[in-house]
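Colleague: Could you take me slowly through one part of this model, namely the surroundings of the ligand, and then show me how the neighbouring pieces of the fold are put together?

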Amino acid sequence: MQKLRNWAGNYTYSAAELFEPERMEQLQEWVAAQHKVKALGSRHSFNSIADTSGGLISLGKMNRVLELDPSRGTVTVEGGIRYGELAGYLHANRYALHNLASLPHITIAGACATGTHGSGDRNGNLATVVRSVEMVTASGEAVVYTRGEQPEADGAIVNLGALGIVSKLTLDIVPSFDISQLVFESLPLSRLEGHIDDVFSSAYSVSLFTDWTGRRFTQVWLKQIASTDEAFVRDEFYGATRAAVPLHPVPGISAEPCSEQLGKRGPWHERLPHFRMAFTPSAGEELQSEYFVPRNHAYAALEAIFQLEEHIAPHLYISEVRSIAADQLWMSPNYGRDSIGIHFTWKPHSEAVERVLPLIEAALEPYEARPHWSKLFTMAPERVKSLYEKHRDFQNLAASCDPQGKFRNSFLDRYFK
Ligand SMILES: Cc1cc2nc3c(=O)[nH]c(=O)nc-3n(C[C@H](O)[C@H](O)[C@H](O)COP(=O)(O)OP(=O)(O)OC[C@H]3O[C@@H](n4cnc5c(N)ncnc54)[C@H](O)[C@@H]3O)c2cc1C
């Protein structure tokens, strides 16, 4: 088999085999028979988290919606489905998910495994609406973890692919809603001082973009719930001015791949992601990193990174700052704390990025920044471990689901040994 690469092309998986089951029994038999195995989602991670020295397994052919249950307020899906595939189905049935990431292309299982998030003060990351997961563990047996029924369920949802192959997920749903999106240009950093809470609570979802030059945010994206047909109009936002034409967050790129702006009302799944399903999201050939700091440290953390302008700017496409509500999922970067995510979309300058990341991590160290599990970071394993109260519990859970280390890889060995 030709070696597979991740979406960004910066990582080549070492696995020699890719298995694509169509049915649960095939999945169980194959997992039971392997010495080493790892689930691969849509390959949107930037590091080795999804790799294995054995065989990769893709659930791309197990991507159906299994059951919509309005009485319980849930939808149950197979482990290979992508957000973009589920969203249209839910919308057609007048339901929605509470939030989405910047792109709809990723699988639900892969996104929840790494604590993927969207934005919004009151919105937990995407894994927070997982009510239960079914996974195929090392023996090939299927086990189900349901929140509120087993305490370990809080460890099994943001699972880093360490516990087994997620074959089904049941998610909480809400009635469908509409969103209007407005973009503003040039928000001075100084206007955030003492107003972080005001800025991030000013819409359902708020994103600030910056290139870290000029002590300002180049764009602000506000996604507001639209309950009436009245257009979402606001000309000014903390000194930033409303954009008159649609914009891409990365300067110089056409806004065609972006979700609709200019305040026009539309369904949740066509506004919450920044990028549309039919287009390449983000910049394309790129690298990404992200760090989460507790909300109360947000301004100081942003100031600290603005000091690194000369190191960061030459290698950066764009950065994005979002807010995420606290949760109780053991390995979630938002565990126990309302967070601000500070994200970097880098040019494909791998070596330079490897040099800049330690500077960013040192600048953020006083603020207890946790790295995004599926993006690039260089933090020492001991430091990463110290940032998670439930690290030991998760390690024990992984050992009980996978005593022989079938799902382990070099990434997991680095942070969980
Ligand atoms: C352009 C772009 C935009 C992005 N935007 C955001 C964003 O807005 N917010 C954010 O937080 N992140 C974002 N990300 C990161 C992305 O959401 C995460 O990397 C996510 O984990 C990718 O999901 P995937 O389906 O590609 O999983 P993969 O990268 O294929 O795998 C990730 C992990 O999930 C595990 N996994 C996958 N499927 C299963 C399964 N069925 N059972 C068990 N484990 C499984 C893998 O083993 C691996 O450990 C972005 C990435 C890109 C490339």
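Predicted model: local features only at pLDDT ≥ 70, side-chain atom pairs only at ≥ 80, totals over all residues.

Modeller: An example within the protein is Thr128, whose side chain reaches the backbone oxygen of Asn125 at 2.6 Å. Thr128 is found in the loop between H3 and strand E7, which covers residues 130-136. If its neighbours within four places in sequence are left aside, Thr128 is in contact with His98, Arg147, Asp327 and Leu329.

With that idea in hand, we can turn to the ligand, which is surrounded by 39 residues, the closest being Ala39, His44, Ser45, Thr107 and Ser374. Sorted by class, this shell has 17 nonpolar, 17 polar and 5 charged residues. Strand E2 (37-40), helix H3 (108-113) and strand E9 (165-172) each supply at least two residues of the shell, and the largest share, 4 residues, comes from H3.

Several atoms of the protein lie within reach of oxygen atoms of the ligand. A backbone N or O atom of Ser102 lies 2.8 Å from an oxygen atom of the ligand, and for a backbone N or O atom of Ile49 the corresponding distance is 3.4 Å. In the case of His372 it is a polar side-chain atom that lies 2.8 Å from an oxygen atom of the ligand. Taken alone, the ligand exposes 970 Å², and the protein buries 99% of that area.

Strand E2, which contributes to the shell, also leads us to a sheet, where 3 strands are arranged in the order E1-E3-E2, forming an open sheet with parallel pairing. Its edge strands are E1 (17-19) and E2, each of which pairs on one side only. On average, and with direction ignored, neighbouring strands of this sheet are turned by 30° against each other. Between E2 and strand E3, residues 55-58, the parallel pairing runs over 4 bridges, and Val37 stands opposite Gly55 in E3. Helix H1, made of residues 24-33, packs on the sheet and touches E1, E2 and E3, while its direction makes about 165° with that of E3.

Methods:
Residues numbered from 1 in each chain as written. Heavy atoms only, no water. Near = heavy atom within 4 Å. Polar contact = N/O pair within 3.5 Å; in protein donor to acceptor, adjacent residues only side chain to side chain. Areas by Shrake-Rupley, 256 points an atom, 1.4 Å probe, with all protein chains shown as cover. Nonpolar A, V, L, I, M, F, W, Y, C, P; charged D, E, K, R; others polar. Pairing = 2+ DSSP bridges. Axes fitted to C-alpha atoms, helices over the stretch in contact; angles between N-to-C directions. Contact = heavy atoms within 4.5 Å.
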